[in-house]
Amino acid sequence: MIRISKLTALALCGLVSSGPVSAQNFTTAAEVRPILGMTRDSWVAIREYGGKDLVYFTHLLAWRCGLSEIRYGFNGAPPSKSFKMEKCHEGTAQPNAISGDNVYVSQPQGSVSEVRVKLIYDDGSSEEARFNRKAVLQ
């Protein structure tokens, strides 16, 4: 699995360059879709902690301002459960900043073998991905 930094993803998407670049807040589907496409392997992570599987959505939450919804399902279930996201901090220097601690879903330890995720962008488009436990276990 290849993991890349957010700055690398931005550079690959052409959003960071050595020349002048217009300011972007990454608050629309058009702005976050390329980043999420390049960082698909980081959408979710599973951590075993305190006798639980904690399924983290932190990466997606960092780009949530371009999303209208994050849906998920475990172990072959369709991604039909909605993950509650905090609102964007529009009008601030960091609209995508995460201020709360609602970044994961807790399940019994060892019970999550697969995570399915469906992103619904603020322009109505969507995309899905599947993650095998082994691939996203931290």
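What pattern does the protein follow when read along the sequence? Read in that way, it follows α-α-β-β-α-β-β-β-β-β-α, with four helices and seven strands in the protein, where helices (H or I, at least four residues) and strands (E, at least two) are DSSP runs numbered from the N terminus.

## Basis and confidence

This is a predicted model, in which local features need pLDDT of at least 70 and side-chain atom pairs count only at pLDDT 80 or more, while totals for chains, interfaces and linings use all residues. Residues are numbered from 1 along each chain as its sequence is written, and side-chain values use heavy atoms, with hydrogens and water left out.

The mean pLDDT (the predictor's confidence in each residue, from 0 to 100) is 88 for the protein, and 83% of its residues reach 70 or more. Over residues 16-22 the pLDDT is below 50, and beyond near neighbours in sequence this stretch has four contacts in the model, a contact being heavy atoms within 4.5 Å. Among contacts in the protein between residues at least 6 apart in sequence, 62% join residues at least 24 apart. Of the 138 residues, 40% count as buried, where buried means under 20% relative accessible area, exposed over 50%, and partly exposed in between (1.4 Å probe, protein chains only).

On the pairing with β6, seven bridges join the two antiparallel strands, and Tyr72 stands opposite Val117 in β6. Three bridges join β3 to β4, again running antiparallel, and Ile70 has Phe83 as its bridge partner in β4.

## The three-stranded sheet

Three further strands form an open sheet in the order β1-β2-β5, in which the pairing is antiparallel. Its edge strands are β1 and β5 (104-108), each of which pairs on one side only, and neighbouring strands are turned by 25° against each other on average, direction ignored. β2 and β5 pair over five bridges in the antiparallel sense, and Val55 has its bridge partner, Val105, in β5.

The buried residues in α2 are Ala29, Glu31, Val32, Ile35 and Leu36; they cover an arc of only 155° around the axis, which puts them on the same side of α2, the arc being that of the directions from the helix axis to the C-beta atoms.

Leaving aside neighbours within four places in sequence, Leu119 is in contact with Leu36, Trp43, Leu60, Leu67, Glu69, Ile70, Ser125, Ser126 and Glu127.

## Two loop residues

Asn75 lies in the loop between β3 and β4 (81-83), and this residue has a positive phi of about 55° although it is not a glycine. The hairpin of β3 and β4 has six residues between the strands, and Asn75 is partly exposed, with a relative accessible area of 40%.

Glu90 is found in the loop between β4 and β5 and counts as exposed, at 54% relative accessibility. Leaving aside neighbours within four places in sequence, Glu90 is in contact with Thr27 and Pro95. Glu90 and Cys65, which are 25 residues apart in sequence, are 8.7 Å apart in space, C-alpha to C-alpha.

How values were computed: Pairing = 2+ DSSP bridges. Axes fitted to C-alpha atoms, helices over the stretch in contact; angles between N-to-C directions.
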